[in-house]
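Subject: Handover of a structure and notes on it

Dear colleague,

Please find the structure below, followed by my notes on it.

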Amino acid sequence: MNATFTLLEMRRITRDWSGMFFTAVLPAFFYLIFGATVDAKGETIGNGNVAMYVMISMAAYGAVTATTSIGGQAALERQQGWGRQLGLTPLPDSSYIAMKSLIAMTVAAVPILLTYALGAATGARGTASAWLLSGLLCLVGSAVFAVYGLLIGTAFRSEAAVGAASGTMVIFAFLGNLFIPLSGVLLTIAKFTPLYGYAALARYPLTEGYLTDGSQDPLWVPVLNVVVWLTIFSLGAVHFVRRGRERQ
Amino acid sequence: MHTTPSPTAASSGEPAIELRDLVKTFRPLRGSTDTVVTAVDGIDLTIGQGEVVAFLGPNGAGKTTTLDMVLGLTEPTSGTARVFGRPPRTAVVGGHVSAVLQTGGLLRDLTVRETVRMIASTYAVTAPVDEVIDRAGLAELSNRRVSKCSGGEQQRLRFALALLPDPRLLVLDEPTAGMDVTARHEFWQTMHADASAGRTVVFATHYLEEADAFADRIVLVAGGRVVADGPTAEIRSRASGRTVTAVVADDAVARATAALFGLPGVTDVRRRGERLAITASDSDAVARILLGELGGRDLEITTAGLEEAFMALTGRSPAQPSPESPPDGIPARRHGVPEEVAR
């Protein structure tokens, strides 16, 4: 670990104001619209209330937008010659990955903290353990989407593709039962989409698996979803990293 | 330009670079019909400490691939590369070798100074950041974003990064590619100013003039092999043919041709439309007689390009690789094969 390197990278990322707006402010704004202002926000769900349910969903959405973008940018930087420049220094790849992971987690923490702070101020209620565990699960689980960003960045090699990858998070969030409560066929389909497992896990300390339509997911459903998608993203990323090397 | 190695360097005695039967092949892209590409086809080369050596060759000759192996960025398919007697990656980690790469390699949204600080932080010991910025002539620009720097300024920044570990071997891969004449001139001035420390410098270029102006020794590379290697003066004298052309009246052509062939150093005289083109080592003497007693006008003198140098040095056109050469080792513009993009 290298403090100067990490801090300079952090400063560089926070310089991108529009990017920071979409990762940090947009989810908090969504929470205010979908969570804090709805009539049912005070109704009880598991170990808390509806406002908290929406708050966790939005924090999760913000966190994955951040990690997808950082993973994608890292892939692009390395392909655009920065990887060669770093290859001329003593910096080992493992340190580079460790620093990038730390940065991704730090940036992902921003929307989580902001949304949780707004939630606490506007009526989200739950047990202490539900607050703490859901926040941690949001943060840790978002790493899966850093791999997704890396995959898109190495596969398509363009800024536009990485921007689009962050953008597709909106679609995955709808499909993954994050923005509006799904039911029936849509809910069944949702369980196969990449954000469903992660968000359901993050909400698990609150809901214990209960969904808004009254049904309950056993714990293995979201866990299996996360494991399968992490495997798909990782295999894809490894495939494209290898293909990129062959091409040199 | 030649400097004596410092006592410590001499006592360690190892050559700066030692390449033994170095080969690098690339597998073709999946789905393409290409065969295996041999980028480097058995290079043997020893470069002593304190030498300033030009790696001269056309695009696709294998220069960048060879230097990548010297820098540990690419693993050889077979053969060995040693830098100061060590494996390349070890030499990089120890700060003994650094490089200015051809393209890319910078983060656009950092400032010049932040970039230098960031790379400096990866070394255990470096020259002071501000001193390096000064030596690369970047003091005025240190707070400018990389994205706002010109190509030449970005190249000076890469040079600053390469100076950070105070390396004993500095590798420059086509350092002036894409620069205009002024920027190119400024870059080499900065290099000259810095070359005092007895550093070993190896640079790749496809400009004969650059090799001529800066190197003690020229290694000519084509088709992944060394085709000529010697002191700059020797290589230049073998490749320094100039072409003089002038408009000569029709009735004077026969007499002019005979007279010109009589001059020492004239190797070729031929007709190109209304102009007469003479290839010679002493272009002054040709020009004098052309404009004087032969009544020529509209005279032009051009220095031999690298292609002509190749023909002079190897006795064959770069467009006609020998049968055992790799299929795309040399760009063959004349035969309609598109020039390979520089890696």
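The pLDDT is the predictor's confidence in each residue, on a scale from 0 to 100. This is a predicted model, in which local features need pLDDT of at least 70 and side-chain atom pairs count only at pLDDT 80 or more, while totals for chains, interfaces and linings use all residues. Residues are numbered from 1 along each chain as its sequence is written, and chains are lettered from A and ligands numbered from 1 in the order in which they are written.

Confidence

The model scores ipTM 0.81 and pTM 0.75. Chain B has an average pLDDT of 80, with 80% of its residues scoring at least 70. For chain A the average is 89, and 98% of the residues score at least 70.

Helices (H or I, at least four residues) and strands (E, at least two) are DSSP runs, numbered from the N terminus. In chain A, confidence is lowest in helix H2 (residues 17-36), at a mean of 83, and highest in helix H5 (residues 128-141), at 95. In chain B the lowest mean, 45, belongs to helix H1 (residues 7-12), and the highest, 96, to helix H4 (residues 112-120).

Two stretches of chain B call for a separate note. Contacts are counted between residues whose C-beta atoms, placed from the backbone, lie within 7 Å. Over residues 1-11 of chain B the pLDDT stays under 50, and the model has 14 contacts for them beyond four places in sequence. Residues 317-343 of chain B also have a pLDDT below 50, and this stretch has 48 contacts beyond near neighbours in sequence.

Chain A and its annotation

The UniProt positions are given in the numbering used here, with feature names shortened, and the annotations may be inferred rather than shown by experiment. In an unreviewed entry, UniProt assigns "domain: ABC-2 type transporter transmembrane" to residues 48-202 of chain A. That span is 83% helix and 1% strand in the model, and its end C-alpha atoms lie 14 Å apart.

The unreviewed entry also lists "transmembrane region" for residues 20-38, 50-76, 97-118, 130-156, 168-190 and 219-241 of chain A. Among them, residues 20-38 of chain A are 89% helix and 0% strand, with 27 Å between the end C-alpha atoms. Residues 130-156 of chain A are 96% helix and 0% strand, and there the end C-alpha atoms are 39 Å apart.

Contact between the chains

The contact takes 19 residues from chain A and 22 residues from chain B. On the side of chain A that touches chain B, helix H1 (3-14), helix H3 (50-87) and helix H10 (220-247) of chain A each supply at least two residues. H3(A) gives the most, with seven residues. By type, this side of chain A divides into six nonpolar, seven polar and six charged residues; Ala, Val, Leu, Ile, Met, Phe, Trp, Tyr, Cys and Pro count as nonpolar, Asp, Glu, Lys and Arg as charged, and the others, Gly among them, as polar.

Chain B: domains and sheets

Chain B is divided into domain 1 (7-237) and domain 2 (241-303), with bounds that come from an automatic or database domain assignment. Taken over C-alpha atoms, the centres of domain 1 and domain 2 of chain B are separated by 41 Å.

For the sheets, two strands pair if DSSP finds at least two bridges between them. Axes are lines fitted to C-alpha atoms, for helices over the stretch in contact, and angles run from 0 to 180 degrees between N-to-C directions.

One open, antiparallel sheet of chain B has three strands in the order S2-S1-S4. Its edge strands are S2 (37-47) and S4 (78-83) of chain B, each pairing on one side only. The twist averages 20 degrees from one strand to the next. Strand S1 (residues 17-26) of chain B is joined to S2(B) by eight bridges, and Phe26(B) has Val37(B) as its bridge partner in S2(B). Helix H2 (residues 63-70) of chain B packs on this sheet, touching S1, S2 and S4 of chain B, and its direction makes about 120 degrees with that of S1(B).

A further open sheet of chain B has four strands in the order S11-S12-S10-S13, again with antiparallel pairing. Here the edge strands are S11 (266-272) and S13 (297-303) of chain B. S11(B) pairs with strand S12 (residues 275-280) of chain B over six bridges, and Val266(B) stands opposite Ala280(B) in S12(B). Helix H10 (residues 253-261) of chain B packs on the sheet against S11 and S12 of chain B, at about 165 degrees to the direction of S11(B).

Yours sincerely
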